[in-house]
Amino acid sequence: MRVWLVLAWGVWMVSLTATRVPVFHSNLTLWEAAVVGSVKPRPWVNLGTARLEQGDLDGAEAAYQQARDFAVPAWRTERDQINALTSLGQVEILIGRGQVEAARVRAWGTVTQWPQWAAAVHACQALHCQP
């Protein structure tokens, strides 16, 4: 009896695992599944980045906006991180749309707000930002 119980449990676990395998097909499918019902900003930032990598500029912009909306003002450190990440994502979106001057302005704003963040400084240097 015990063997059958263990065997049935094993078959059940394998079937559950098989239903989740498609979620791990790509970064995009993983983060699309992760944001379902999520009110945390970090999965939305990652979804925006995955969409950006796929060339979906509008989708990336929407995901970044959702991340900013979920960044709770009371959590200053996390909110700042989310705002910095989404701001840099917005720079990439603007570049993708051919709006280089707007990207420079956005990158400069990101650097002035978070001067210690190396990725923002690097993006600004690559775009030849000026005050």
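This is a predicted model: local features need pLDDT of at least 70, side-chain atom pairs count only at pLDDT 80 or more; totals for chains, interfaces and linings use all residues.
Local features need pLDDT of at least 70 and side-chain atom pairs count only at pLDDT 80 or more, while totals for chains, interfaces and linings use all residues. Residues are numbered from 1 along each chain as its sequence is written, and side-chain values use heavy atoms, with hydrogens and water left out.

**Exercise 1.** State how many salt bridges the structure holds.

Solution. A salt bridge is a side-chain nitrogen of Lys or Arg within 4 Å of a carboxyl oxygen of Asp or Glu. The structure holds three of them.

**Exercise 2.** Describe the salt bridges of R97 with D58 and with E61.

Solution. Step one: R97 and D58 pair through their side chains at 2.3 Å, N to O. R97 lies in the loop between α5 (76–96) and α6 (100–113), and D58 in helix α4 (residues 57–70), so the pair links distant parts of the chain, 39 residues apart (helices, H or I, at least four residues, are DSSP runs numbered from the N terminus).

Step two: the closest N and O atoms of R97 and E61 are 3.2 Å apart. E61 is also in helix α4, 36 residues from R97.

Step three: D58 is exposed at 56% relative accessible area, whereas R97 is partly exposed at 32% (buried is under 20%, exposed over 50%, partly exposed in between; 1.4 Å probe, protein chains only).

**Exercise 3.** Locate the salt bridge between E101 and R104.

Solution. Their side chains meet at 3.1 Å, N to O. Both residues are in helix α6, three residues apart, which means a separation of about one helical turn. R104 is partly exposed, at 28%. Salt bridges with shared partners join D58, E61 and R97 into one network.

Conventions
Helices (H or I, at least four residues) and strands (E, at least two) are DSSP runs, numbered from the N terminus.
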